[in-house]
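Me: I am new to this structure. Please show it to me, and then I will ask about the terms used for it.

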Amino acid sequence: MKKRGFWSRYRDMLMLSGLLIVFVGGIFGIGSLFSIGHGKPRTVILPDKQFNSRLTPPPSSTIQIESATKLPNDFAIYDFEVADPNTVILNRPDRSYTGIKLSQLHMDDNILKDIATNTEYGITLSPDQSKLIYSQYRSSQAQKTTYEYDLKTGEHHKLKNDNSYSRVFVGNESYIGYDDLVFNMVDLDTGKKHELYSYDELVAKVAQVSNISSPDDTLIMLDSYEISRDLSRVYVLVKLKENYAVYSFSLNDKNDITAYTPAQDIQQFKVLKNGDMLIQGMINNEQGLYRYRADTKKFELLVKGPIWSFDLDEEESRIAYFLTLEGQKNEVHIAYLNDRKLGSDTVIYRNIDYFIKLKWNDSNLFVVGSSMEKSELYRFSFRAW
């Protein structure tokens, strides 16, 4: 199938090219590329002794920041995951940008340790943050080799017959991997795998449910899928000709598929415990952060404007998001996720440069700003709300 072959051949180049475009966009001001909203959230700022002269003492607020840490780095950060409040797993350049390193950074003592070199882009971390799955290319081998890495012991364990390049954990001992033809379930305890869906099957089922006559108008976004809380379903982002939509597939019944209302653009989505979704994208020509109601199949606008990235904490009570503004300014917000709106929406930091990603870990928010040559890693610790 043409789409599979194209993705397989050019995926690394496309990923790195996309990262370069995002970095350049950050350098010249992401905010200048979008229209803006006109909300007026409150601002909480930290003492300037921690972050030069950008910040001033905080006013009385519902949102209380206990501490903040900033680590400047002389390397780019392409992607990252948080293993614990002191440990960040990240992708960074390897050998003058010819490859990618998988590294582990301890924030409190600023110690950087390389886990593997010449790896693929992306980080697959188990839900209990105890193990990583990664693939490595070696010059003496025709194909890549996949490993399981134990973060506690530092041991690498080779996984046989796994050529996946897109993965997501299902629990702590198994994961779904896509190998250019098939989505497989891999059991780490036994080493066995079994086929869930082929790419052609998924495309055919999406086309059938959505009444699409030509499968060529359907493209599965292989880097955008997640598992339901009960580990029974996988949610996949799909491009439908000129629109996007999220589809839910059962891991136990191939005939069980649910389609969600299409949107003009979906850049990021997250499934909530009750089946609703948070969606960053464009609905009815309005860019922003939306809540999709599974029962009514309707979107509710939570934040209007160019949202660049967002993340939700484990309890689904706090949300963090990055908003770009006019004049090459940008803001990191946190807020309560209430039923139909965001409460106590608060700006905690402004003007973090370049490419931005956000991750929650317990009561800590991690933020990365990165160009192609350097990066800054922030950790904000909050009191219980």
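The questions below take up rings, charges and strands in turn.

Reply: This is a predicted model, in which local features need pLDDT of at least 70, side-chain atom pairs count only at pLDDT 80 or more, and totals for chains, interfaces and linings use all residues. Residues are numbered from 1 along each chain as its sequence is written, and side-chain values use heavy atoms, with hydrogens and water left out.

Me: Why is the pair of Tyr-292 and Phe-299 called tilted?

Reply: Rings of Phe, Tyr and Trp (its six-membered ring) pair if their centres lie within 6.5 Å; planes under 30 degrees apart count as stacked, over 60 as edge-to-face and the rest as tilted. The ring centres of Tyr-292 and Phe-299 are 5.0 Å apart and their planes stand at 55 degrees, so this pair is tilted.

Me: What makes Tyr-292 buried?

Reply: Buried means under 20% relative accessible area, exposed over 50%, partly exposed in between (1.4 Å probe, protein chains only). Tyr-292 has a relative accessible area of 1%, so Tyr-292 is buried.

Me: How do you know that the charged end of Arg-92 sits over the ring of Phe-75?

Reply: The test asks for NZ of Lys or CZ of Arg within 6 Å of the ring centre and within 35 degrees of the ring normal. The charged end of Arg-92 is 4.9 Å from the centre of the Phe-75 ring and sits over it.

Me: Why is strand β9 called largely enclosed?

Reply: Strands (E, at least two residues) are DSSP runs, numbered from the N terminus. In β9 (residues 145-150), five of the six residues are buried, so the rest of the structure largely encloses this strand.

Technical notes: Helices (H or I, at least four residues) and strands (E, at least two) are DSSP runs, numbered from the N terminus.
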